[in-house]
Amino acid sequence: MKDWFNTLNPRERNLVTYGSFLAGLMILGLFIVQPLFENNKKLNKIIDSKSTALKIMQKQSIQVKQLQQQATKPEQTNNQSPQQIIESALQTLRLKPALDRMQSQGSNGVNVILKNANADRTMRLIANLENKHGLIISNLTINTNNKETGLIDVRLTVKAD
């Protein structure tokens with residue numbers, strides 16, 4: 001190869017030298033530099049989409065925190081006694097017919113006995129009393145030995161904060 005190169009006249013040697021140099025640069029550009037730039041463009045697009053998603057998630061996170069704070073605050077009961085709150089909740093959830101006895105225990109407590117009450121509605125009652133009205137269920141006994149499916153007997157003691 002060296003002999004062939006030396007046999008060329010100087011003008012042809014320069015042409016072969018510069019041509020091979022340019023061919024090497026083209027190969028370097030096509031197989032190394034161009035894929036790096038394309039990969040960089042793809043990564044920049046991914047970064048842009050992820051940063052947009054991050055901004056959306058940050059806004060949603062603020063909204064979730066606000067909703068959690070609102071959900072944890074019990075509803076104001078307008079200074080109603082626990083007995084009045086329970087009466088209203090029983091009426092709302094159509095559990096009034098299942099009420100066997102409601103006995104007051106001072107100004108802050110109430111014993112409630114439900115017989116043959118709908119189990120789903122009873123669980124909603126308990127959840128509403130605790131979460132919505134801020135009352136505390138201090139004692140709860142559930143008897144599922146009814147002859148009909150879905151009915152339970154419940155004894156619970158409810159106290160105000």
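A salt bridge is taken here as a side-chain nitrogen of Lys or Arg within 4 Å of a carboxyl oxygen of Asp or Glu. The structure is a predicted model, in which local features need pLDDT of at least 70 and side-chain atom pairs count only at pLDDT 80 or more, whereas totals for chains, interfaces and linings use all residues. Residues are numbered from 1 along each chain as its sequence is written, and side-chain values use heavy atoms, with hydrogens and water left out.

The predictor's confidence in each residue is expressed as pLDDT, from 0 to 100. The chain has an average pLDDT of 89, and 95% of the residues score at least 70. Helices (H or I, at least four residues) and strands (E, at least two) are DSSP runs numbered from the N terminus. Among these elements, the highest mean pLDDT, 93, belongs to strand β4 (residues 151–159), and the lowest, 88, to helix α1 (residues 2–7).

One salt bridge was found in a search of the whole structure. It joins the side chains of Glu 87 and Lys 96, with an N to O distance of 2.1 Å. Relative accessible area was classed as buried (under 20%), exposed (over 50%) or partly exposed (in between), with a 1.4 Å probe and protein chains only. Glu 87 is partly exposed at 30%, and Lys 96 is likewise partly exposed at 30%.

A nonpolar surface patch, with about 1,100 Å² of accessible area together, includes Phe 21, Leu 22, Ile 32 and Phe 37. Patches comprise residues with over 30% relative accessible area and no salt bridge, like charges being joined within 9 Å and nonpolar side chains (Val, Leu, Ile, Met, Phe, Trp, Tyr) within 5 Å. Accessible areas come from the Shrake-Rupley method with a 1.4 Å probe; for residues, only the protein chains shown count as cover. Ile 32 is located in helix α2 (residues 10–72) and is partly exposed, with a relative accessible area of 44%.

Thr 122, in helix α4 (residues 119–132), is buried at 0% relative accessible area. With neighbours within four places in sequence left aside, Thr 122 is in contact (heavy atoms within 4.5 Å) with Leu 95, Leu 114, Ala 117, Ile 152 and Val 154.

Asn 143 belongs to strand β3 (residues 136–143) and is partly exposed, at 33%. Under the same exclusion of sequence neighbours, Asn 143 contacts Ile 152 and Asp 153. Asn 143 and Arg 155, twelve residues apart in sequence, are separated by 8.6 Å between C-alpha atoms.
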